[in-house]
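Subject: Structure for your review

Dear colleague,

Please find below the structure we discussed handing over. My findings on it follow directly after.

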Amino acid sequence: MERTNPQLLAAFADVLRRKRLDAGLSQEDLAARSDISTRHISHFETRRRQPSLTIIAALSHGLGLTIQEFAGEIEAVWRDEQDFHGNG
């Protein structure tokens, strides 16, 4: 069974892109720091791929964040969106 949550995936993509840009990193830079292909970074930011836990850990490291910091920002954006649309 595939589990998807478009709103959570959107929050992940938005936070990933914002944190990357805030860090002054290109997709190529983050890919090198995270040991993930640039193509995958692009797919995550455009919501075409759903990350695994190991990918989240690698991206967190590449962004200079803890998994908790990265996931916390994703959750905050996701919850704000839920509240905005009255789904929470």
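The contact between helices α2 and α4 joins L30, R33 and S34 of α2 to A58, L59, H61, G62 and L63 of α4. By residue class, this contact comprises 4 nonpolar, 3 polar and 1 charged. Please note that the model is a predicted one. Helix α2 spans residues 27-34 and helix α4 residues 53-63, and their axes lie 8 Å apart at an angle of about 115 degrees. The two helices are therefore roughly perpendicular to each other, and α2 passes α4 in a right-handed crossing.

On the α1 side, the residues in contact are F12, A13, L16, R17 and R20, and on the α3 side they are I41, F44 and E45. The residues of this contact divide into 5 nonpolar, no polar and 3 charged.

R20 deserves a separate note. This residue lies in α1, which runs over residues 6-22. Is R20 buried or exposed? R20 has a relative accessible area of 5% and, because the cut-off for buried is under 20%, R20 counts as buried. Leaving aside neighbours within four places in sequence, R20 is in contact with L25, S26, Q27, L30, E45 and L63. Among these, L30 and L63 also take part in the contact of α2 with α4, while E45 belongs to the α3 side of the contact with α1.

Yours sincerely

How values were computed: Residues numbered from 1 in each chain as written. Predicted model: local features only at pLDDT ≥ 70, side-chain atom pairs only at ≥ 80, totals over all residues. Heavy atoms only, no water. Axes fitted to C-alpha atoms, helices over the stretch in contact; angles between N-to-C directions. Helix = DSSP H or I, 4+ residues; strand = E, 2+ residues; numbered from the N terminus. Parallel < 35°, antiparallel > 145°, perpendicular 65-115°, else oblique. Left-handed = near helix turned anticlockwise from the far one by under 90°. Contact = heavy atoms within 4.5 Å. Nonpolar A, V, L, I, M, F, W, Y, C, P; charged D, E, K, R; others polar. Buried < 20%, exposed > 50% of the residue type's maximum accessible area, 1.4 Å probe, protein only.
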